[in-house]
Amino acid sequence: MALDGLEAAVYASVGRSKLARSNAQLNVVRYADDFIVTGVSKEVLECKVLPAVRQFMAARGLELSEEKTRITNIAEGFDFLGQNVRKYDGKLLIKPAKKSVKSLLDKVREIIKSNASVTQEALIQKLNPVIRGWAMYHRHVVAKASFLSIDSHIWQRLWKWARRRHPTKGARWVRNRYFRVDGHRSWDFATKAPADGRTSGFRLFRAMTIPIARHVKVRGLANPFDSVWTTYFARRRTAKRSVKLFGATPWC
């Protein structure tokens, strides 16, 4: 709430007229206390927008983080909320940031390393929420290649984990002990299903199983506390459930 009004301050920094705002091509994207301001040139952002933002924040007893604040060209890209925003040959692509990927793999590596002696079932239960949560967060961007790479890295770590547990056993024995066949996938890290047949075994979650679904922005004027928009938000919730269950095209 402290930053409400930031957008107006940014737009006012280039002048009051519609023409001035149009020429500056300003856009503001804000999530809590993290925000991006895009503009037509470095000069506009550096000489007009940045001083206006600093003045706006100073009036509220706040200041910009010098470590996180920088002005860059979209062709070079930047990280925002764990994702990298960059134009490739004029086409804007948003991908999981390298730091975010590294953070996930470091966490997975630590979990596997610190659970060298636990059962396969216990290890899967520790890994699945971490992998699923990360993949769900990035499912709205260009993430398929990252998902595939992550699954490959995790598989390699789990293969080493399994081999170390049985140094006197051959690769075929280890494979039969820890990996299962599921359709076209013959190397699923999973436990055997119980003999009673009433329950299935535990299976490692794969990031690649998450479908990419483009996020549809909420309309700018929409207010969940205004009854006029009740139908709009109800239709959005229904569309989201449809996308999650059936992979349908989201309503906007």
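## Phenylalanine 189

Phenylalanine 189 counts as buried because its relative accessibility is 3%; buried means under 20% relative accessible area, exposed over 50%, and partly exposed in between (1.4 Å probe, protein chains only).

## Basis

This is a predicted model, in which local features need pLDDT of at least 70, side-chain atom pairs count only at pLDDT 80 or more, and totals for chains, interfaces and linings use all residues. Residues are numbered from 1 along each chain as its sequence is written, and side-chain values use heavy atoms, with hydrogens and water left out.

## Aromatic pairs

Rings of Phe, Tyr and Trp (its six-membered ring) pair if their centres lie within 6.5 Å; planes under 30 degrees apart count as stacked, over 60 as edge-to-face and the rest as tilted. The count is 13 aromatic pairs. One of them joins tryptophan 159 and phenylalanine 179 in a tilted arrangement, 5.8 Å centre to centre with 50 degrees between the planes. This pair links helix H6 (residues 144-165), which holds tryptophan 159, to strand E6 (residues 179-182), which holds phenylalanine 179, 20 residues apart. Helices (H or I, at least four residues) and strands (E, at least two) are DSSP runs, numbered from the N terminus.

Both tryptophan 159 and phenylalanine 179 are buried. Phenylalanine 179 also pairs edge-to-face with phenylalanine 189, at 5.5 Å centre to centre and 65 degrees between the planes. Ring pairs link a cluster that includes Trp159, Phe179 and Phe189, along with Trp155, Trp161, Tyr178 and Trp187.

## Charges over rings

A charge sits over a ring if NZ of Lys or CZ of Arg is within 6 Å of the ring centre and within 35 degrees of the ring normal. Lysine 95 lies over the face of tyrosine 88, 4.5 Å from the ring centre. Lysine 169 lies over the face of tryptophan 173, at 5.0 Å.
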